[in-house]
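Walk through this model one region at a time. Keep the sequence and the 3D view side by side.

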Amino acid sequence: MALTARIQKRYGNFLLDVDFSAGSGESLALLGASGCGKSVSLRCLAGIDRPDWGHIELDGQVLYDGQRHINLPPQQRRVGYLFQQYALFPHMTVEENIAVCLRQLPRSQRRQRAAELISQLRLEGTERLRPHQLSGGQQQRAALARILASDPAAILLDEPLAALDSCLKRQLEEELRDVLDAFGGPVIWVSHDRGEVYRSCRRVCVLDSGKSSPVTGFEELLTAPGTVSAARISGCEVFVPILPGPEAGTISIPSWNLVLPAPWREGASMLGVRPECVKPSADGFPCQIVRITEDISSVRLSLHPLGAARTAPLLQMELSKSEWTTLPNQKTIHVSIPAESLLLLRE
């Protein structure tokens, strides 16, 4: 069983142009900045919005095909859609919200199936409650129960944990993964939280201004994102222009007045550096410590390489507090960056 989408959809000056697929039992993450087309992609998959061109197929059934004029309505697509705010019917109880998707069953079986889902999603005791009487986690589980009641072949998750308090997110994230593991069909997971999708999805599709990049493994996104937009989505914060170095196997960073060892990548124009890859080193290059920011368990240093242009981007370094306490109290520090950690990127 697989869900594939290759579609285009224009909204004024915005063009959605995506191409991705998720296999049976796979959770695929859609990552991108706000307004890049992630939720629009889900709406097209669910049949809420109609693409202008392309093809959508689920488990061998064509849901949409522009050339063949096929466009199944949402209720025929067998696609469960978990909205950000869960979209439970406010005038219905939990049991009624679930039962509304069981109309295909004989009346005698509806309550039994609803009870099974209520037990599976740990909603016992909420059967007669309405959505406004539920906690955020209970609302999420009730919405998932309603989706599963519709017997979907695929599930779409639009920021499924965004509406929850931070103290509940990790627990409910684990519960959600348990539900999806038991589901077994393809899942498309939209989120702004990289850690959340890293823990839940092994592959990722990055969207930038409506255009999708090829689907890749999450580890590959972290180690070789390829473009500035993909690196930024993966958590990289510092970007600086680069040129080929004076010698083979080196790169030049004019605004930092540095030459570092790294194999040149054809087409590269920017260097990305992750804070955790910058390390204190007596043999490294000297930097002025511009700012020290302490967090609960880590320390972030903002560094200005000595000799760098006044307006050059600051280098960021992140250390554990135990590492920080071993360093002498000083205004400058020598640091190094392993060549394999330098991200040579296209714009």
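Strands β15 and β16 (residues 258-261) run antiparallel and are joined by 4 bridges. This is a predicted model: local features need pLDDT of at least 70, side-chain atom pairs count only at pLDDT 80 or more, and totals for chains, interfaces and linings use all residues. Residues are numbered from 1 along each chain as its sequence is written, and side-chain values use heavy atoms, with hydrogens and water left out. Helices (H or I, at least four residues) and strands (E, at least two) are DSSP runs, numbered from the N terminus. Two strands pair if DSSP finds at least two bridges between them.

Stay with β15 and β16. Thr250 has Pro261 as its bridge partner in β16.

Strand β14 (residues 243-244) pairs with β15 in the antiparallel sense over 2 bridges. Leu243 has Ser252 as its bridge partner in β15. This pair is also a hairpin, with 5 residues between the strands. Gly249 in the turn has a positive phi of about 80°.

Together these strands make an open sheet of 3 strands, in the order β14-β15-β16, with antiparallel pairing. β14 and β16 stand at the edges with a single partner strand each, so one side of each has no neighbour in the sheet. What covers the faces of β15 can be read from its residues (250-253): Thr250 and Ser252 on one side are buried, as are Ile251 and Ile253 on the other. Buried means under 20% relative accessible area, exposed over 50%, and partly exposed in between (1.4 Å probe, protein chains only).

Next, find Ser234. This residue is in the loop between α8 (228-233) and β13 (238-241). At 5% relative accessibility, Ser234 counts as buried. Not counting residues up to four places away in sequence, Ser234 touches Arg194, Leu221, Leu222 and Arg274. Contact here means heavy atoms within 4.5 Å.

Move to helix α4 (residues 136-149). Its 14 residues reach 20 Å from first C-alpha to last, close to the 20 Å expected at 1.5 Å a residue. The expected span is 1.5 Å times one less than the number of residues. Of the 14 residues of α4, 11 are buried, so the helix is largely enclosed by the rest of the structure. Among them are Gln140, Arg141, Leu144, Arg146 and Ile147. Just after α4, Asp151 takes a positive phi of about 55°.

Which residues have the most contacts inside the largest nonpolar core? They are Ile98, Ile155 and Leu157, in a core of 37 residues. α4 gives the most to this core, with 7 residues. A nonpolar core is a set of buried Ala, Val, Leu, Ile, Met, Phe, Trp, Tyr and Cys residues joined through side-chain atoms within 4.5 Å. Leaving aside neighbours within four places in sequence, Ile155 is in contact with residues including Ile147, Leu148, Leu180 and Phe183.

Finish at the open sheet of 4 strands, ordered β20-β19-β18-β21 with antiparallel pairing. β20 (315-320) and β21 (332-336) stand at its edges. Strands β18 (residues 279-294) and β19 (residues 298-305) pair over 7 bridges. Ile292 has Leu301 as its bridge partner in β19.
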